[in-house]
Amino acid sequence: MQATTTSFGIEEALEKLGIKDLNHGTSTGNKWFPGGEEIASYSPVNGELIGKVTTTTKEEYEQVIVSAQKAFLSFRAMPAPQRGEIVRQFGNKLRELKQPLGKLVSYEMGKSLQEGYGEVQEMIDICDFAVGLSRQLNGQTIPSERPGHVMREQWHSLGIVGIISAFNFPVAVWAWNTALAWVCGDVCVWKASEKAPLCSVACQNIIAGVLKENNLPEGISSIINGDYKVGEMMTTDTRIPLISATGSTRMGRTVGAKVAERFGKSLLELGGNNAIIITPTADLKVVVPGAVFGAVGTCGQRCTSTRRLIIHESVYDKVRDAIVGAYKQIVIGNPLDEKNHVGPLIDKDSVDTYLKAIEKAKAEGGKVLVEGGVLEGEGYESGCYVKPAIIEAENSFEIVQHETFAPILYLLKYSGDVENAIDLQNGVAQGLSSAIMTNEMKEAEKFLSFAGSDCGIANVNIGTSGAEIGGAFGGEKETGGGRESGSDAWKVYMRRQTNTVNYSDELPLAQGIKFDL
Ligand code: UN1
């Protein structure tokens with residue numbers, strides 16, 4: 001396997017990104033802290049050790065936060081377009097390093113190289129967006145009911161933004177948060193997933209270079225590493241006004257409660273249980289790639305992955321056969337080899353969860369249409385490669401109601417009107433992404449109406465995954481309600497202030513209240 005990794009340029013990528021055998025996992029920018037225990041990062045691609053990262057001690061955490069607090073005071077005073085200039089330079093560095101960083105993402109996380117590059121592209125895109133935004137952090141003027149008065153709304157920097165990210169988008173989700181937070185004048189402390197810690201070191205190296213070139217202080221961008229206990233240091237810390245956390249619903253429940261207890265703000269981007277409704281007029285040319293990419297892309301480990309297809313009974317057999325047929329074309333293997341569509345799951349625990357979910361679906365009465373299973377033999381030595389499975393199921397199955405972070409696609413049948421399909425689509429606890437495939441304008445509009453999809457993302461004639469950065473990203477219900485990335489998601493990174501200014505010589509009170517002295 002060593003030969004394979006070398007031939008895909010991993011060694012060179014690691015060198016370009018400044019990743020060593022042993023890396024310090026705590027940094028305030030250009031300053032790195034020795035840390036405590038080590039986390040070993042093994043590649044799910046071939047099971048090899050990529051490198052180690054030290055975890056953040058309590059004392060180091062304190063130093064990081066003090067440094068961030070200090071940096072905030074000067075960073076918030078810098079004009080926003082100048083902060084935008086820093087983000088522009090960061091985006092340019094990402095352009096230069098797209099190949100090695102994309103490779104590291106693919107090698108440490110296991111997604112296909114195309115998707116690894118795509119993830120870095122998402123970082124570049126959000127930087128571009130944030131640069132423009134740095135001149136548009138606009139408030140508004142509001143008419144006052146009182147003569148000689150004016151009301152305004154301003155947006156001020158918030159402070160330290162704590163970012164907790166998941167393994168599946170080990171670099172892009174950090175960038176969605178940081179690019180916006182930085183132009184808003186905030187400073188960021190990032191705790192990456194223990195399953196992809198090297199990605200955090202690589203990103204920190206890149207931004208640290210930019211900060212140094214601009215003579216900016218320590219503390220604008222910090223990383224910390226470790227398990228949930230390190231995350232807890234942030235969630236319980238009143239010095240951090242906003243925690244942005246991406247991960248499972250279970251994690252979000254704990255984080256949300258901890259942050260709320262201290263009246264902090266949280267931005268939660270949690271699990272999805274995303275469905276595509278396939279109506280009688282759906283175009284198979286669009287349905288098949290949309291559904292298959294949605295279900296098997298990133299080996300089913302996106303929060304936007306397609307987990308359920310809700311197919312009208314009149315086209316059920318045709319659609320089922322087309323999707324099952326397409327699954328035969330899927331090539332599973334080393335994700336760094338661009339001929340492969342699907343790489344491994346993140347680790348063996350994940351493989352276990354996948355296998356148990358299939359068993360559970362069968363036990364509940366599901367009919368397996370495409371068998372799953374773990375791949376063995378040459379190229380599959382890591383034990384993390386699995387076959388994408390398709391199971392005919394009912395929406396009421398307990399397992400269908402749960403998000404399993406693996407390539408298992410459930411086929412569900414509906415009859416009658418599109419409303420019935422929408423009921424099934426909405427009939428889960430999660431509310432991230434959804435889609436309808438139809439050429440009927442009325443069906444599409446019903447799906448998008450107030451009585452339609454209850455998700456944060458609702459698409460027509462595209463799949464559930466692969467959102468662009470320009471829109472706000474996130475979802476309702478157990479998905480947590482947060483919105484990151486585009487549109488006006490920047491507002492959560494700022495503090496809103498309402499101002500009323502009296503430029504008259506009188507003091508009339510609002511609501512017509514008389515108070516004569
Ligand atoms: C995630 O899985 O946490 O929409 C993020 C998508 C990607 C982002 C997914 N742009 O699929």
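**The ligand site and its setting**

Guide: Glu269 is placed in strand E12, which covers residues 265-269 (helices, H or I, of at least four residues and strands, E, of at least two are DSSP runs numbered from the N terminus). The model is a predicted one, in which local features need pLDDT of at least 70 and side-chain atom pairs pLDDT 80 or more, while totals for chains, interfaces and linings use all residues. Residues are numbered from 1 along each chain as its sequence is written, and side-chain values use heavy atoms, without hydrogens or water.

With a relative accessible area of 2%, Glu269 is buried (under 20%; exposed is over 50%, partly exposed in between, with a 1.4 Å probe and protein chains only). An unreviewed UniProt entry lists Glu269 under "active site"; such annotations may be inferred rather than shown by experiment.

Glu269 is also one of the residues that surround the ligand (a heavy atom within 4 Å). The side chain of Glu122 has an N or O atom 2.9 Å from a nitrogen atom of the ligand. An oxygen atom of the ligand lies 3.2 Å from a polar side-chain atom of Asn168. In Ala467 the backbone takes part, with an N or O atom 2.7 Å from a ligand oxygen atom. On its own the ligand has 320 Å² of accessible area, and the protein covers 99% of that area (Shrake-Rupley method).

The whole structure holds 27 salt bridges (a side-chain nitrogen of Lys or Arg within 4 Å of a carboxyl oxygen of Asp or Glu). In one of them, Asp128 pairs with Arg95, and the closest N and O atoms are 2.9 Å apart. Asp128 belongs to helix H6 (residues 113-133) and Arg95 to helix H4 (residues 80-96), so this pair ties together parts that are 33 residues apart in sequence. Asp128 is partly exposed at 40% relative accessibility, and Arg95 is partly exposed with a relative accessible area of 40%.

Asp352 and Lys356, with their closest N and O atoms 3.6 Å apart, both lie in helix H13 (residues 348-363), four residues apart, which is about one turn of the helix. Asp352 is partly exposed at 38% relative accessible area, whereas Lys356 is exposed at 56%.

Glu419 and Lys446 also meet through their side chains in a salt bridge, at 3.4 Å from N to O. This pair links distant parts of the chain, 27 residues apart, since Glu419 is in helix H15 (residues 418-426) and Lys446 in helix H16 (residues 441-448). Glu419 has a relative accessible area of 36% and is partly exposed; Lys446, at 39%, is partly exposed as well.

Conventions:
A polar contact is a pair of N or O atoms within 3.5 Å; within protein, one must be able to donate a hydrogen and the other to accept it, and residues adjacent in sequence count only if both atoms are side-chain atoms. Accessible areas come from the Shrake-Rupley method with a 1.4 Å probe; for residues, only the protein chains shown count as cover.
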